[in-house]
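Please open the model in your viewer and keep the selection tool at hand. The stops below are to be visited in order.

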Amino acid sequence: MMFRIARSRIGGTITHYDLYKVDTKKGMTVLDALFQIQDRMDPSLSFRYSCRGAVCGSCSMLINKEPRLACRTQIIEVKKNEMKLKSFSQISETPTGWNPEVEILVEPLPNMPILKDLVVDMKKFYDTLVSLKLWSDIEHGDEPLSQSPKERKKIERYVNCILCALCYGSCPVNSTKDEYVGPAALAKAWRFHEDSRSSNPEQYAKVATQKDGAPLCDLVMNCVKACPKGVAPGGAIRKLKEL
Ligand code: SF4
Ligand code: FES
């Protein structure tokens, strides 16, 4: 299988695409292919990964123009191309010569500055979580705080977020409005707002519904299609908009 991979200089934009022939076998993922390219053909290829098991959220990238985790995308599945994203801002024009029948195209995630090749700068994505104080404010002293199965169910899907930023990269509002906090931050705010153990749940709704938050969302729902963990940020944002 041929891989066409976007290349860039440090801190730059895409300068060109390199073609590599990868020996594939059953069960192989796109991340496995990137390792093979880096090990055998081009040690200068840069990409980010850690867990290799869809847990750390590091290996987000565009694969055949769809935002995906490289470690969770089997090569055999790539051609399905099924997300059907709307108003999606591509990182680049379709490169000349790309034949999706015989090549897999790999590019960095949109809506974030490129650091090098497939590595993007996620600082703004993380900084937003910090500036909005999206962490638990539970005050319980030394006593553990229990939660009923019903209470836990309310926040279950939001707890699964791995901060991969695929929702952020797929969002048409994030591509045009730099100030928008993005789907993951809003899903996290809703998670703490709904958590039965939160000491002051209203504070999360307050930061999420300020002008750079839920009001900017157009409910396009690309975030729901792109999320690999079923978090469905768009549903949380819809509820925040109703508040
Ligand atoms: S909401 Fe989904 S797509 Fe967005 S950061 Fe969390 S896990 Fe990734
Ligand atoms: S390497 Fe951790 S999510 Fe892909």
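The tour goes from the sheet to the ligand and then to the core.

This is a predicted model, in which local features need pLDDT of at least 70 and side-chain atom pairs count only at pLDDT 80 or more, while totals for chains, interfaces and linings use all residues. Residues are numbered from 1 along each chain as its sequence is written, and chains are lettered from A and ligands numbered from 1 in the order in which they are written.

**The sheet.** Next, select residues 2-8, which are strand 1: its pairing with strand 2 is antiparallel, over seven bridges. Met-2 has Lys-21 of strand 2 as its bridge partner.

**The ligand.** Now select ligand 1. Around it are 16 residues (C-beta atom, placed from the backbone, within 6 Å), of which Cys-161, Cys-164, Cys-167, Ala-184 and Cys-227 come nearest. Helix 6 (183-194) gives the largest share of this shell, three residues; helices are DSSP runs of H or I, at least four residues.

**The core.** Finally, select Val-30, Val-106, Ala-165, Cys-167, Leu-186 and Ala-189, which touch the most other members among the 63 residues of the largest nonpolar core. Such a core joins buried Ala, Val, Leu, Ile, Met, Phe, Trp, Tyr and Cys residues through C-beta atoms within 7 Å, buried meaning that 20 or more other C-beta atoms lie within 10 Å of the residue's own. Helix 6 supplies its largest share, seven residues.

How values were computed: Two strands pair if DSSP finds at least two bridges between them. Helices (H or I, at least four residues) and strands (E, at least two) are DSSP runs, numbered from the N terminus. A residue is buried if 20 or more other C-beta atoms lie within 10 Å of its own, exposed if 12 or fewer, and partly exposed in between; C-beta atoms are placed from the backbone.
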